[in-house]
Amino acid sequence: MITVRIGKAKDNEFVVDDPYVSRYHAKLTKNEHGELFIEDVGSTNGTFVNKDRVIRKKITAADAVMLGDSYTLNIRDALKYDNDYTEEFAALKQVYDNYIREKIRIQSSNQFKTRLFQSLPFAVIGLVGLIVGLVGKSNHTLIIVSLILAVCAPTAGIYMGARQSAKIPELLQNIANRFKIDYVCPKCGAFLGEIPWESLANKKQCPVGTCRAKWVKK
């Protein structure tokens, strides 16, 4: 169970500097089932859930919780009073691994297709040459067709190979754009670059001065 004392006094887990919040105003708890409860602990100006004054009430992240006359409690921030984002940061390892795996897949797949397009025409020419040899040189139509293929097929192969290669930057850019959205500090949202997750874990916390979210418990 997580228990967060909320109020103006400095010994609360979540300190609120507001004139209408009492020194010891409320208590936020999260039990082993993930259920959230807000409890007023004898405040002067009251605790409200969706504008109704409460003593103790089960809440969700969607509820509007107000302390006193004006302070809106951010439930997520209160639960993260100790700046501990180890659970959220651990989930980023899968994000990084998936990105690298997809990047390698795109590069390998497109290189294979490019080489296939470039080499297939020469295989066709070889096949036609074999047929001409078997049928005989007296078939002028077949000879003309083989000559046309000998000229056109390599050109077509080069064109198709180049076209396939041109798709790679766009595909890589698409996954990079998604990666920039997902691979961010779970607290401040700063993009973490293409630094491997293990290297970031060694830093143990966000390098952004105004954030300093704990990524790995020391």
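Colleague: Which helix supplies the largest share of the lining of the largest pocket?
Modeller: In this predicted model, that share comes from α2, with three residues.

Colleague: Which residues line the pocket, then?
Modeller: The lining consists of I2, K30, R76, L79, K80, Y81, D82, D84, T86, E87, E88 and K217.

Colleague: How does that lining divide by class?
Modeller: Eight of the lining residues are charged, three are nonpolar and one is polar.

Colleague: What is the volume of the largest pocket?
Modeller: The volume of the largest pocket is about 360 Å³.

Colleague: Turning to the sheet, in what order do the four strands stand?
Modeller: The order is β6-β5-β8-β9, in an open sheet with antiparallel pairing.

Colleague: Why is one side of β6 and of β9 left without a neighbour in the sheet?
Modeller: Strands β6 (52-54) and β9 (71-73) stand at the edges and have a single partner strand each, so one side of each has no neighbour in the sheet.

Colleague: What does the twist average from one strand to the next?
Modeller: From one strand to the next, the twist averages 40°.

Colleague: Over how many bridges do β5 and β8 pair?
Modeller: Strand β5, residues 47-49, pairs with strand β8, residues 65-67, over three bridges in the antiparallel sense.

Colleague: Which residue in β8 is the bridge partner of F48?
Modeller: The partner of F48 is M66.

Technical notes:
Residues are numbered from 1 along each chain as its sequence is written. This is a predicted model: local features need pLDDT of at least 70, side-chain atom pairs count only at pLDDT 80 or more; totals for chains, interfaces and linings use all residues. Side-chain values use heavy atoms; hydrogens and water are left out. On a 1 Å grid over the protein atoms alone, a cavity is a set of points where a 1.4 Å probe fits but cannot get out, and a pocket is an open set with protein on both sides within 12 Å along at least five of seven lines; lining residues have an atom within 4 Å of a point. Grid points are joined across faces, edges and corners, and a volume is the space filled by probe spheres set on the points. Helices (H or I, at least four residues) and strands (E, at least two) are DSSP runs, numbered from the N terminus. Ala, Val, Leu, Ile, Met, Phe, Trp, Tyr, Cys and Pro count as nonpolar, Asp, Glu, Lys and Arg as charged, and the others, Gly among them, as polar. Two strands pair if DSSP finds at least two bridges between them. Axes are lines fitted to C-alpha atoms, for helices over the stretch in contact, and angles run from 0 to 180 degrees between N-to-C directions.
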